[in-house]
Amino acid sequence: MESRGVPPGPYRATKLWNEVTTSFRAGMPLRKHRQHFKKYGNCFTAGEAVDWLYDLLRNNSNFGPEVTRQQTIQLLRKFLKNHVIEDIKGRWGSENVDDNNQLFRFPATSPLKTPPRRHPELQRNNIENFSKDKDSIFKLRNLSRRTPKKHGLHLSQEKAEKIKHKIINEDQENAADNRELSQEDVEEVWKYVILIYLQTILGVPSLEEVINPKQVIPQYIMYNMANTSKHGVVILQNKSDDLPHWVLSAMKCLANWPRSNDMNNPTYVGFERDVFRTIADYFLDLPEPLLTFEYYELFVNILGLLQPHLERVAIDALQLCCLLLPPPNRRKLQLLMRMISRMSQNVDMPKLHDAMGTRSLMIHTFSRCVLCCAEEVDLDELLAGRLVSFLMDHHQEILQVPSYLQTAVEKHLDYLKKGHIENPGDGLFAPLPTYSYCKQISAQEFDEQKVSTSQAAIAELLENIIKNRSLPLKEKRKKLKQFQKEYPLIYQKRFPTTESEAALFGDKPTIKQPMLILRKPKFRSLRY
């Protein structure tokens, strides 16, 4: 079943959990099973559940084909722990599930989780604080003698051109009227510009649901933009924040395998596995993930852009979000992605795991140390694996410095210094990333399209069942009956009358044809 598309917003991981559990409950085939000389109806084996759920996750755009069977088993264990399923005796709460013939069933209770609700007073205070922060971003002090005006987030192209021509004509007159900008003013411009670009790329009406402006530290952005090597990797002034020398040496060894510059490395069997285990232990022991706990919601929301037709949007959004990271975290992320990307593409790399390939091992090992929630989320491992897979494939673009951001800030500061604009919203003349296939719609239109798209996908599923010639007649009847139970309105629309339903299986006589009566042969005696 295809993804229904969870829109950006808070608690997206909870919404994804609800989507997966709903699809699993609606589509998992149920039948009779025999166990210990007893029959049980409307149930399934753990192995059958793993097969079906594995196929669902791999075809869901929120998770993708990188999902492993072991991750699917882990999710099924969380289903049992959270009472999405129970064993045939009604027991749940543990994680005692394996890929075997153990029988399970769906409980009568709803498996959906309710997103946490904030106390109204706390929510009101949070909105007020956000508004204050937003005002401090959008207003700079003593930068113009003009009358303050209300402005939008960015200007139309026609209005921008008029202001640009006006500025050019006034440049000579105002050359002597330049004003000094404080360091705080410069930091506020950086903070404003990156937030407005991020909001535009994501195409959301507001960022307040996914990020708090207080979390954005402009000093980190400025440092990550300015202090880089020729390869774009952050250079740290304080070496105590850097990776230990032995970790850097180990990462360099595996990234350049077998062409390591250090010729003194031992060559015993299993050496590369020991080196890899050393690196993995270091990253897994870090106090928080590289993308930090506070940016968890932000990166989870970007995971919903990770679709083939939105690949460019996802790259641009991740490029900006990674600039928000503390410089030591960004450097570790850059070096880690370079290493695992090279290792996964190296055909000469010895096998590091008996059961998993190199790429799957990289994703499985490092996903939780890249993205993780401070409080346990049941889909953490799957979401993190999806993100790490995308970072591996596009790390060179995502972790490079965007030149357009530097240009926008420089123009912004120049206009502010010359007194041509009152607040940052007037000065974004650098081109914003545009995507012709994106069109902003109202919330009501979005809900209507979401419902119609979901119904169309379900109706398509019904047609696939009907037209599947390889499906036995008995199994087809069973699936259609189950579909009718779950989606009665869609089923009734496809089969408005009993005659139309009967026509699908052909007109069969209700009376069985009499069997041929054969005369019993006369047996001759064997005696002579």
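Guide: The lining of the second largest cavity divides into four nonpolar, two polar and three charged residues. Please keep in mind as we go that this is a predicted model. The residues that line this cavity are F63, E66, V67, Q71, I363, E381, L382, G385 and R386. Helix α14, which covers residues 380-398, supplies the largest share of that lining, with four residues. The volume of this second largest cavity is about 40 Å³, and a search of the whole structure finds three cavities of 30 Å³ or more. Rolling a probe the size of a water molecule over the atoms shows where empty space is left.

One of the lining residues is I363, and helix α13 spans residues 358-370, so let us turn to a residue of that helix. T358 is found in α13. Is T358 buried or exposed? T358 counts as buried because its relative accessibility is 18%, and the cut-off for buried is under 20%. Leaving aside neighbours within four places in sequence, T358 is in contact with M343, S344 and M349.

R273 forms a salt bridge with D354, and their closest N and O atoms are 3.0 Å apart. R273 lies in helix α9 (residues 271-284) and D354 in the loop between α12 and α13, so this pair ties together parts that are 81 residues apart in sequence. As for accessibility, R273 is partly exposed, with a relative accessible area of 25%, whereas D354 is exposed, at 62%.

Helix α12 itself, residues 327-345, takes part in another such link through R331. The partner of R331 is D242, and the closest N and O atoms of this salt bridge are 2.8 Å apart. D242 sits in the loop between α7 (218-226) and α8 (245-255), so the pair ties together parts that are 89 residues apart in sequence. Here both R331 and D242 are buried. Side chains of opposite charge can pair when their charged atoms come close. Across the whole structure, a search finds 14 salt bridges, and D51, R69 and D99 are linked in a network of them.

Strands of a sheet pair through backbone hydrogen bonds, either parallel or antiparallel. Strand β3 is joined to β4 (residues 103-105) by two bridges, and these two strands run antiparallel. D87 has F104 in β4 as its bridge partner.

Which side of the cut-offs does each partner fall on? E86 counts as buried because its relative accessibility is 10%, while R105, at 30%, counts as partly exposed.

Conventions
Residues numbered from 1 in each chain as written. Predicted model: local features only at pLDDT ≥ 70, side-chain atom pairs only at ≥ 80, totals over all residues. Heavy atoms only, no water. Buried < 20%, exposed > 50% of the residue type's maximum accessible area, 1.4 Å probe, protein only. Contact = heavy atoms within 4.5 Å. 1 Å grid on protein atoms, 1.4 Å probe; cavity = no way out; pocket = protein on both sides within 12 Å on 5 of 7 lines; lining within 4 Å. Points joined across faces, edges and corners; volume = space filled by probe spheres on them. Nonpolar A, V, L, I, M, F, W, Y, C, P; charged D, E, K, R; others polar. Pairing = 2+ DSSP bridges. Salt bridge = Lys/Arg side-chain N within 4 Å of Asp/Glu carboxyl O.
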